[in-house]
Amino acid sequence: MMIKFIGISLCVLFCSVILRDYNKQFAVIINIVAALLLAFAVSKELFEIVDEVKSFSLVSDTAAAYCKLMLKILGITLITQIVCDICRDNGENSLASITSAAAKIVIISLILPLFKTVISIVGGLLSH
């Protein structure tokens, strides 16, 4: 399976490098389409991971909330990485940096309740 992904990526890379000199916009479109195709190709494995994490969440409601949070963060990081790479490939380094920083801020805002819970648990343990 991984060999197929590497082959697709190398083909797209060669096409993109060749086309970049002639039509930069078309090279960008090819890169975006390739990223989407590869994302769809790994979607089966991604759904298996999601199902496995969901099975962990059957233990309790608290575990379900944390599993949901983990999946959100995983999705944010994967999508952000793809978008930032596409931005950098097209010479938009500042846009990639801003996108990456924005994603980090969103992730921090998502995990603040988890930090609050951990701190209250540790505080409760230390007070006894």
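**Helix packing in the predicted model**

In helix 1, the residues Phe5, Val12 and Ser16 are buried, where buried means under 20% relative accessible area, exposed over 50% and partly exposed in between, with a 1.4 Å probe and protein chains only. The structure is a predicted model, in which local features need pLDDT of at least 70 and side-chain atom pairs count only at pLDDT 80 or more, while totals for chains, interfaces and linings use all residues. Residues are numbered from 1 along each chain as its sequence is written, and side-chain values use heavy atoms, with hydrogens and water left out. Helices (H or I, at least four residues) and strands (E, at least two) are DSSP runs, numbered from the N terminus.

The cover over the buried residues of helix 1 includes helix 2. The axes of helix 1 (residues 2-22) and helix 2 (residues 24-41) come within 7 Å and cross at roughly 170°. Axes are lines fitted to C-alpha atoms, for helices over the stretch in contact, and angles run from 0 to 180 degrees between N-to-C directions. Helix 1 and helix 2 are therefore roughly antiparallel (angles under 35 degrees count as roughly parallel, over 145 as roughly antiparallel, 65 to 115 as roughly perpendicular and the rest as oblique). Residues of helix 1 in this contact include Phe5, Val12 and Ser16, and those of helix 2 include Phe26, Ile30 and Ala34; contact means heavy atoms within 4.5 Å. By class, the contact of helix 1 with helix 2 has 11 nonpolar, 3 polar and 2 charged residues. Here Ala, Val, Leu, Ile, Met, Phe, Trp, Tyr, Cys and Pro count as nonpolar, Asp, Glu, Lys and Arg as charged, and the others, Gly among them, as polar. The 21 residues of helix 1 should span 30 Å at 1.5 Å a residue, and its end C-alpha atoms are 31 Å apart, which agrees; the expected span is 1.5 Å times one less than the number of residues.

For helix 5 (residues 93-127), the 35 residues should span 51 Å, in agreement with the 49 Å between its end C-alpha atoms. A kink of about 40° lies at Ile111 in helix 5, shortly before the proline Pro113; the bend at a residue is the angle between axes fitted to the seven residues ending there and the seven starting there. Ile111 is buried, as are Ala96, Ser100, Ala103 and Ile107 of helix 5. Helix 4 (61-89) is part of what covers the buried residues of helix 5.

Helix 4 and helix 5 pack at an angle of about 170°, with their axes 8 Å apart. That makes helix 4 roughly antiparallel to helix 5. Their contact has 15 nonpolar, 7 polar and 2 charged residues. Thr80 lies in helix 4 and counts as buried at 14% relative accessibility. Leaving out residues up to four places away in sequence, Thr80 touches Thr99, Ser100 and Ala103.

Asn90 is placed in the loop between helix 4 and helix 5. Asn90 is buried, with a relative accessible area of 17%. Not counting residues up to four places away in sequence, Asn90 touches Lys24 and Val28.
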